[in-house]
Amino acid sequence: MNESHKLLIRGARVFDPSVRLDRTADLFAAEGVLKKIGPFDRDASDIRVIEAKGKIVIPGLFDMHVHLREPGREDEETVASGCRAAAAGGFTEIACMPNTHPPIDGRSQVEFILDRASGQPVRVHPVACITRGQNGEELTEMGELVQAGAVAFSDDGKSVEKAVLLRRALEYAGMFGKPVIEHCEDRTLSENGAMHEGWVSTSAGLRGIPSIAEEVVVARDLLIAEYTKGTLHIAHVSTGGSVRLIREAKSRGVHVTAETCPHYLVLTDEAVRQYDT
């Protein structure tokens, strides 16, 4: 066997929550397949060795909310460049949002994404639109989109304003075992604001976004998900009130999951206190 086809990672912290594994160990792989986790006492002269003391080895990460921007904004990102960036960051699978130009709202767009992703270093899972053109007026053909390869539905960047459409989306998506991903924002409350509404936004002269702009939509969506027994995923949660609402819904058995972003975890509006136009 060629030396390049055998690899020993020595002394790493091996972490895999799926099997409750968290310990220091050696990992031996051959032909791209993990063969052993544990002490490695064979002669390693013909093996590529990586000394990984102080490093962490984990399974490939999955990012379920990325923007590949293709088609339409290839100047910002393409499927290929996004996949390379994901692989460089340790991600082996990603789910791409549908707010492209045109939006991913038909079979041909889903197939286009999968075709572009063929042969890339990570696996791409297309998320399709909830409504045609993300216009919030008519549901997409969800069954056809699932057959084409869509794994979920979202109008990311926009909330589904009409409650009856969200109800039908949860019902129909549920028939295919797929989640609905909601961007929760009441635009009549956010009013094109630039940051959290409070003392800092006032002193900086920036239009603020009240926390209720997110929370009222989170509350509505959770109630509709509970009623329909659909599966709801709430994107980029940014307020404590939303966390409380989601926690309460989970305790009632609502099928809801959520995500947030690093800056919501580590920064507050105080971070832009010195903002100067």
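Predicted model: local features only at pLDDT ≥ 70, side-chain atom pairs only at ≥ 80, totals over all residues.
At 42% relative accessibility, glutamate 270 counts as partly exposed, and its side chain meets that of arginine 273 in a salt bridge with an N to O distance of 3.1 Å. Arginine 273, at 41% relative accessibility, counts as partly exposed too.

**Salt bridges**

The count of salt bridges comes to 18.

| Salt bridge | N to O distance |
|---|---|
| Glutamate 270 and arginine 273 | 3.1 Å |
| Arginine 132 and glutamate 138 | 3.3 Å |
| Aspartate 221 and arginine 220 | 2.9 Å |

How exposed are the partners in the other two pairs? Arginine 132 is partly exposed, with a relative accessible area of 33%, and glutamate 138 is partly exposed, with a relative accessible area of 45%. Aspartate 221, by contrast, counts as buried because its relative accessibility is 0%, and buried means under 20%. Its partner in the salt bridge is arginine 220, which counts as partly exposed at 22% relative accessibility. Salt bridges also join into a network, in which Arg69, Arg73, Asp75 and Glu76 are linked.

**The chain as a whole**

The protein chain has nine helices and 14 strands, and its C-alpha atoms fill a box of roughly 70 × 50 × 45 Å, taken along the principal axes. Of the 277 residues in the protein chain, 40% are buried.

**Helix H1 and its cover**

Just after H1 comes glycine 90, which takes a positive phi of about 90°.

**Helices H4 and H7**

Two packed helices are described by the angle between their axes and the distance between the axes. Helix H4, residues 163-175, packs against helix H7, residues 212-228, at an angle of about 45°, and their axes are 10 Å apart. That angle makes H4 oblique to H7, and the crossing of the two helices is right-handed.

Which residues of the two helices meet? From H4 come Ala163, Leu166, Arg167, Leu170 and Glu171, while H7 contributes Arg220, Asp221, Ile224, Ala225, Tyr227 and Thr228. Sorted by class, the contact of H4 with H7 has six nonpolar, one polar and four charged residues. Arg220 and Asp221 in H7, which take part in this contact, are also the residues whose side chains meet in the salt bridge of 2.9 Å.

**A glycine in a loop**

Glycine 253 lies in the loop between helix H8 (240-251) and strand E14 (256-258). Is this residue buried, exposed or partly exposed? With a relative accessibility of 46%, glycine 253 counts as partly exposed.

Technical notes:
Residues numbered from 1 in each chain as written. Heavy atoms only, no water. Axes fitted to C-alpha atoms, helices over the stretch in contact; angles between N-to-C directions. Helix = DSSP H or I, 4+ residues; strand = E, 2+ residues; numbered from the N terminus. Parallel < 35°, antiparallel > 145°, perpendicular 65-115°, else oblique. Left-handed = near helix turned anticlockwise from the far one by under 90°. Contact = heavy atoms within 4.5 Å. Nonpolar A, V, L, I, M, F, W, Y, C, P; charged D, E, K, R; others polar. Buried < 20%, exposed > 50% of the residue type's maximum accessible area, 1.4 Å probe, protein only. Salt bridge = Lys/Arg side-chain N within 4 Å of Asp/Glu carboxyl O.
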